[in-house]
Amino acid sequence: MCSVDAMHALRRAGGNGPVLADSEAGLAWWLTPVDAVEYVVGTSQGLTVQPPSWKLLCPPVEYGYGGRCWMEKPDGTGKLTAPAALVAEFRSSSTACAARQGRLPGR
């Protein structure tokens with residue numbers, strides 16, 4: 001999963017906020033500030049911003065449930081992933097990740 005690569009890189013840089021994953025759906029969600037749409041719109045990095053009213057079903061922090069678990073747990077500080085850093089990491093890693101999966105970027 002390319003999002004796992006991005007999560008590890010952001011963690012090393014100290015820029016990760018909470019990250020929720022769904023192993024059955026092959027999806028990951030980064031919790032970001034509400035202005036994330038300004039950074040993501042117009043990119044072709046496979047990122048989608050949900051509206052503030054969108055409900056994300058989350059398991060407890062202590063354990064997973066229904067295929068969902070916290071890859072990066074909320075730590076109680078309110079820290080969120082910076083959208084600009086998230087977009088930049090997906091941009092820089094998308095070619096390498098796509099190559100490992102045997103496909104071209106953007107496909």
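The model is predicted, so local features need pLDDT of at least 70 and side-chain atom pairs count only at pLDDT 80 or more, while totals for chains, interfaces and linings use all residues. Residues are numbered from 1 along each chain as its sequence is written, and side-chain values use heavy atoms, with hydrogens and water left out.

**View 1. The protein chain and its elements.** The chain has three helices and three strands (DSSP runs numbered from the N terminus: helices are H or I with at least four residues, strands are E with at least two). Read from the N terminus, the order is α-β-β-α-β-α. Of the 107 residues, 32% count as buried (buried is under 20% relative accessible area, exposed is over 50%, and partly exposed is in between, with a 1.4 Å probe and protein chains only). Contacts are heavy atoms within 4.5 Å. Among contacts between residues at least 6 apart in sequence, 71% join residues at least 24 apart.

**View 2. Asp 22 in strand 1.** Strand 1 covers residues 19–22 and includes Asp 22. Asp 22 counts as buried because its relative accessibility is 7%. Its side chain reaches the backbone nitrogen of Ala 25 at 2.9 Å. Leaving out residues up to four places away in sequence, Asp 22 touches Leu 27, Trp 29, Gly 67 and Arg 68.

**View 3. Thr 32 in a loop.** The loop that holds Thr 32 lies between strand 2 (27–30) and helix 2. With a relative accessible area of 24%, Thr 32 is partly exposed. Thr 32 touches Leu 80, Thr 81 and Leu 86, residues up to four places away in sequence not being counted. Asn 16 is 16 residues from Thr 32 along the chain, and their C-alpha atoms are separated by 9.5 Å.

**View 4. A nonpolar patch on the surface.** Val 37, Val 41 and Val 49 form this patch and together have about 230 Å² of accessible area. Patches are made of residues with over 30% relative accessible area and no salt bridge, with like charges joined within 9 Å and nonpolar side chains (Val, Leu, Ile, Met, Phe, Trp, Tyr) within 5 Å. A salt bridge is a side-chain nitrogen of Lys or Arg within 4 Å of a carboxyl oxygen of Asp or Glu. Val 49 is in the loop between helix 2 (36–40) and strand 3 (68–72), and at 32% relative accessibility Val 49 counts as partly exposed.

Methods: A polar contact is a pair of N or O atoms within 3.5 Å; within protein, one must be able to donate a hydrogen and the other to accept it, and residues adjacent in sequence count only if both atoms are side-chain atoms. Accessible areas come from the Shrake-Rupley method with a 1.4 Å probe; for residues, only the protein chains shown count as cover.
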